Amino acid sequence: MIRKTDIQDRMIRAVEAVKRTNPMAGSITNSVTINFVANAQLAVGGAAAMVYLPDEGEFLAKAGGAAYINVGTLLPIYEESLPRVAKVLHEAGKPWVLDPVAIGIGSLRTKLLRQFKEYKPGVIRGNASEIIALAGLWELDGGTGGSNVRGVDSTDSVAEAKAAAVALAKWTGGAVAVSGRTDLITDGSVAAFSHGGSHFMEKITGAGCSLGGVAAVYATAASPFIAALTASAVYNLAGSRAERKADGPGSFQVQFLDELYRATPADIAGNPFEIEEV
Amino acid sequence: MIRKTDIQDRMIRAVEAVKRTNPMAGSITNSVTINFVANAQLAVGGAAAMVYLPDEGEFLAKAGGAAYINVGTLLPIYEESLPRVAKVLHEAGKPWVLDPVAIGIGSLRTKLLRQFKEYKPGVIRGNASEIIALAGLWELDGGTGGSNVRGVDSTDSVAEAKAAAVALAKWTGGAVAVSGRTDLITDGSVAAFSHGGSHFMEKITGAGCSLGGVAAVYATAASPFIAALTASAVYNLAGSRAERKADGPGSFQVQFLDELYRATPADIAGNPFEIEEV
Amino acid sequence: MIRKTDIQDRMIRAVEAVKRTNPMAGSITNSVTINFVANAQLAVGGAAAMVYLPDEGEFLAKAGGAAYINVGTLLPIYEESLPRVAKVLHEAGKPWVLDPVAIGIGSLRTKLLRQFKEYKPGVIRGNASEIIALAGLWELDGGTGGSNVRGVDSTDSVAEAKAAAVALAKWTGGAVAVSGRTDLITDGSVAAFSHGGSHFMEKITGAGCSLGGVAAVYATAASPFIAALTASAVYNLAGSRAERKADGPGSFQVQFLDELYRATPADIAGNPFEIEEV
């Protein structure tokens, strides 16, 4: 089994590379949290670019080292944009992060998420209910036909989503990150449990979305598993630190972006996590 | 006439219920302030979900206890989405909050706002000019054909909008909230005047929109009148408190979200207001 | 040649007029930074209104003293909206600010930016790479066919964009503002170099977009050159001041909006700049 110190070394190298090279990870993402996603990507050292149109998405897919697709607020044009961009990313062998927000709501969302199965996102990020529902939609182990998604919130626990996460990771050959009190990140053979964060992360919008965008930034410089784990680690670290300085969700957001920016490679790799074989 | 203490008891129960149950109020709202609306809804204890597409709007309308529709930045798809969602809400007897932002600008906005007359929003929230213009568009008392709306700002006073607000509330059987130096909230038979707030609320974007979103959250747990009054009360309270800690509109926004989060049920019900018969 | 003190007098009058009259400058702008653009416009004393649809854009063009068009996140409807609005602005003799974000990405963006040549924006604002690419697209001096635009970031220096900026200003008869370590603002005969700002302005999204929106607000009350220079001056001033109080990009954004709001006319005109003949 892979040693924890090896993982930490790779996390440090990913963070350092991002801070040094400011890699661009383009996004097609929802309008609620689009600003927060971009600012989080910039705060960790990456660059951001958001588009809606098919050919623009293809351009970003080809120009960037990775990309982020979030199905939060679908527009009609996404029916064309999202499969085209996902296809380009898959064929180019570029890692991309899928955020299956609100899976189960609406026919276009279901159609798109079903199409994504063949384009194998490098990282799938969601809460427990979303991960279970996606595994169900893709007819993999651990999934359920009926989703317990209520809007964008989760009604399942991270532990309940483990089988689904492992099955999804095995299918894509990438990684899956399940957000919760303790985050689960798995590549299908190893599972990491990342600790920290803040109760305020459920009292602001975009903690999950921007984690996906930051994972895409790290995926330009590391494997999907290391990228997802590094993103979870810096989020848990910055969340814990920000909470100590915050008086509410407004000041938490401000402090959180500051802490994302201030976190050093060693800080991030040193944020508590454990690993186990799946 | 209803007693003020009875109203305050109902406000306290609404705030407590929202903090305890985190009810979801879905929105179709403008892209300028969509993030602020969601964060305000979360800060008071609710849950948020925003969509654009018709079937997704219908899903949220059926899944939530109330909804929020803001016509600020119309997209072409809204021609289909908004009437369908409003119809579902009306037929299901679900309260929904209408924010007739920038009424008078553009043909689609006028068409949609005219259609909404029959779907009777539980709460109509706007500034004085918007309320007068909507009453005019719906050919009710107190309205005028020509709107004094300049973009999104009001050139009329709250007092001048009282007749229009009462007429709209009588038509819908719900409540109308007119934002201004002193907010007017009426159900057509009682008028409440809520005090507080801050001059900074005109120096940030979204104070009005997010008040509408928060009113939708409270409408899951109270009558339209109590929901609108409770939303106005927490906004006036949080605005006053935030202003004392703010050095400008940037820090005001941060403090305002913190104070929305920190306000207790008793604080909110205790924010100054008077009632009178209409 | 125009004297620096004359320029400063005109800057002071522009700032005072905006603070006194709260002029509206409507925008069609990208969804990533739309909230920040609106809040920046409000912070300096203006009013904001954002739309997508063609007739609504025409309404704002006719109702406002100036407008802001940013091609950051194009939607399909923009193919119709943007040329129609630009034409109305041009024919009405209203100054408008063009932000050619991400020029070179996608066919619609190229088509729209090419169309804008005949509608002569009063102010063109961009980073060095964007300005060089736009001059190239319009087949003016100083431009290049191949753009060095990487997403939304610049890989060229402000000095390298001087010839392109002058050529663009001579073509439009307006002004061009090139954002960089030192900002260059030119009307084709005079060049001003505005100093200040902060390294954090590259670590947040929207510093450039909102500068364009603020330039549109000042363009309601001053010539394009004075409007662009005044906007650059208040941005450099607020950026420098905000950096001294910030611990990271989150707190920088908050402080920056506060400082935009607090900057006095004399402060803004007194922010360091030099002028030279072109």
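In this predicted model, the residue A215(A) makes contacts with V97(A), V123(A), R125(A), A177(A), A227(A), A228(A) and A231(A), when its neighbours within four places in sequence are left aside. A215(A) also belongs to the largest nonpolar core, which holds 327 residues. Within that core, A215(A), A215(B) and A215(C) are the residues that touch the most other members. In soluble globular proteins, nonpolar side chains tend to be buried together.

Chain A contains an open sheet of nine strands with mixed pairing. The order of the strands across the sheet is β2-β1-β3-β4-β5-β6-β7-β8-β9. At the edges lie β2 (47-50) and β9 (273-277) of chain A, each of which pairs on one side only. From one strand to the next, the twist averages 20 degrees. Strands of a sheet pair through backbone hydrogen bonds, either parallel or antiparallel.

The antiparallel case is found towards the β9 end of the strand order in chain A. Strand β7 (residues 183-186) of chain A is joined to β8(A) by four bridges, and the two strands run antiparallel. In this pair, D183(A) stands opposite S194(A) of β8(A). The hairpin formed by β7(A) and β8(A) has three residues between its strands, and G188(A) takes a positive phi near 95 degrees there. Strand β8 (residues 190-194) of chain A is in turn joined to β9(A) by five bridges, again with the strands antiparallel. Opposite V190(A) stands E277(A) in β9(A), while the bridge partner of S194(A) in β9(A) is F273(A).

Helix α4 (residues 78-91) of chain A lies across β1 (24-28), β3 (66-70) and β4 (96-99) of chain A. The direction of α4(A) is at about 150 degrees to that of β3(A). Helix α8 (residues 207-219) of chain A packs on the sheet as well, and touches β1, β3, β4, β5 (123-127) and β6 (175-179) of chain A. Between the directions of α8(A) and β3(A) the angle is about 160 degrees.

Helix α7 (residues 162-172) of chain A is mostly covered, with eight of its eleven residues buried. The buried residues are K162(A), A164(A), A165(A), V166(A), A167(A), L168(A), A169(A) and T172(A). The elements that cover them include β5, α6 (128-137), β6 and β7 of chain A. Just after α7(A) comes G173(A), which takes a positive phi of about 75 degrees.

The arrangement of the chains was examined by superposition. Chain B can be laid on chain A by a turn of 120 degrees with a shift of 0.0 Å along the axis, and the RMSD is 0.0 Å. That is the relation of a three-fold axis. In chain B, the residue that comes closest to the rotation axis is S31(B), at 3.8 Å (C-alpha). Chain A is likewise superposed on chain C by a rotation of 120 degrees with 0.0 Å of shift along the axis, at an RMSD of 0.0 Å. In chain A, the C-alpha nearest the axis belongs to S31(A), 3.8 Å from it.

The contacts between chains were then considered. Between chains A and C, 28 residues of chain A are in contact with 27 residues of chain C. On the chain A side, β1, α2 (34-43), β2, α3 (54-63) and α10 (249-262) of chain A give two or more residues. Of these elements, α10(A) gives the most, with eight residues. By type, the residues of this side of chain A are 18 nonpolar, six polar and four charged. The copies use different surfaces, as 11% of the contact residues of chain A recur in chain C.

For chains B and A, 28 residues of chain B are in contact with 27 residues of chain A. On the side of chain B that touches chain A, at least two residues each come from β1 (24-28), α2 (34-43), β2 (47-50), α3 (54-63) and α10 (249-262) of chain B. The largest share, eight residues, is supplied by α10(B). This side of chain B divides into 18 nonpolar, six polar and four charged residues. Here too the copies use different surfaces, with 11% of the contact residues of chain B recurring in chain A.

Technical notes. Residues are numbered from 1 along each chain as its sequence is written. Chains are lettered from A and ligands numbered from 1 in the order in which they are written. This is a predicted model: local features need pLDDT of at least 70, side-chain atom pairs count only at pLDDT 80 or more; totals for chains, interfaces and linings use all residues. A nonpolar core is a set of buried Ala, Val, Leu, Ile, Met, Phe, Trp, Tyr and Cys residues joined through C-beta atoms within 7 Å. A residue is buried if 20 or more other C-beta atoms lie within 10 Å of its own, exposed if 12 or fewer, and partly exposed in between; C-beta atoms are placed from the backbone. Two residues are in contact if their C-beta atoms, placed from the backbone, lie within 7 Å. Two strands pair if DSSP finds at least two bridges between them. Axes are lines fitted to C-alpha atoms, for helices over the stretch in contact, and angles run from 0 to 180 degrees between N-to-C directions. Ala, Val, Leu, Ile, Met, Phe, Trp, Tyr, Cys and Pro count as nonpolar, Asp, Glu, Lys and Arg as charged, and the others, Gly among them, as polar. Copies are superposed by least squares on the C-alpha atoms of residues with pLDDT of at least 70 in both.
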